[in-house]
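Please read the numbered points with the sequence and the model at hand.

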Amino acid sequence: MTVGELQFLERAIELSREGMRTRKGGPFGCVIVKNGKIIGEGCNQVATTNDPTAHAEIVAIRNACRNLNSFQLTDCVVYASCEPCPMCLGAIYWARPKRVIYANTKQDAAAINFDDQFIYDEIEKPGNQKAIVFIHYPHQKALEVFKEWEVLDRKIEY
């Protein structure tokens with residue numbers, strides 16, 4: 001790891017500490033970098049925003065995308081104080097950065113009661129066996145919207 005990369009990772013760790021101490025949320029921070037410059041950062045803000053999606057990585061992705069005026073993080077690097085949870089992992093894949101560097105592992109997070117294993121386990125279960133039951137109810141109007149999207153000539157692909 002280069003000195004610059006270490007500084008970005010340490011900034012993510014600093015954000016995790018600041019967010020925790022100011023009671024914004026859990027001890028998680030994230031920095032997003034493009035061409036050696038921070039373009040987005042965030043700490044966990046779940047507690048202060050009453051938003052269960054306000055994890056550090058999501059906050060940083062939103063911030064970086066707004067700053068880039070893009071919904072993709074092409075050629076960016078994500079620095080996180082901890083290995084991303086399943087939700088953040090999904091958001092990172094949709095944002096398409098080139099790399100993620102993290103400090104603590106998901107096992108370290110589980111040791112302080114931030115355990116996401118139940119989500120990984122739930123993903124594999126059929127809808128009717130999940131802790132929150134998922135019911136598939138096919139609807140023709142929903143399919144019609146998809147068909148309209150399929151032939152739309154001015155759609156934004158992502």
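1. What share of the 158 residues in the chain is buried? Buried residues make up 31% of them, where buried means under 20% relative accessible area, exposed over 50%, and partly exposed in between (1.4 Å probe, protein chains only).

2. Basis of the note. This is a predicted model, in which local features need pLDDT of at least 70 and side-chain atom pairs count only at pLDDT 80 or more, while totals for chains, interfaces and linings use all residues. Residues are numbered from 1 along each chain as its sequence is written, and side-chain values use heavy atoms, with hydrogens and water left out.

3. Overall architecture. The chain contains 7 helices and 4 strands, in the order α-β-β-α-α-β-α-β-α-α-α along the sequence. Helices (H or I, at least four residues) and strands (E, at least two) are DSSP runs, numbered from the N terminus. The C-alpha atoms fill a box of roughly 55 × 40 × 30 Å along the principal axes.

4. A nonpolar core is a set of buried Ala, Val, Leu, Ile, Met, Phe, Trp, Tyr and Cys residues joined through side-chain atoms within 4.5 Å. The largest has 20 residues, of which Cys30, Ile32, Ile61 and Leu73 touch the most other members. Two or more residues each come from strand 1 (29–34), helix 3 (56–68), strand 3 (76–82) and helix 4 (86–95); helix 3 gives the most, with 6 residues.

5. Beyond its neighbours within four places in sequence, Ile32 is in contact (heavy atoms within 4.5 Å) with residues including Ala60, Ile61, Leu73 and Val77.

6. Aromatic pairs. The whole structure holds 2 aromatic pairs. Rings of Phe, Tyr and Trp (its six-membered ring) pair if their centres lie within 6.5 Å; planes under 30 degrees apart count as stacked, over 60 as edge-to-face and the rest as tilted. Phe8 and Tyr79 form a tilted pair, 5.4 Å centre to centre with 45° between the planes. This pair links helix 1 (residues 3–21) to strand 3 across 71 residues. Phe8 is buried at 15% relative accessible area, as is Tyr79 at 3%.

7. The other pair. Why does the pair of Phe28 and Phe114 count as edge-to-face? The planes of Phe28 and Phe114 stand at 85°, so the pair is edge-to-face, with ring centres 5.0 Å apart. Phe28 is buried at 15% relative accessibility, whereas Phe114 is partly exposed at 34%.
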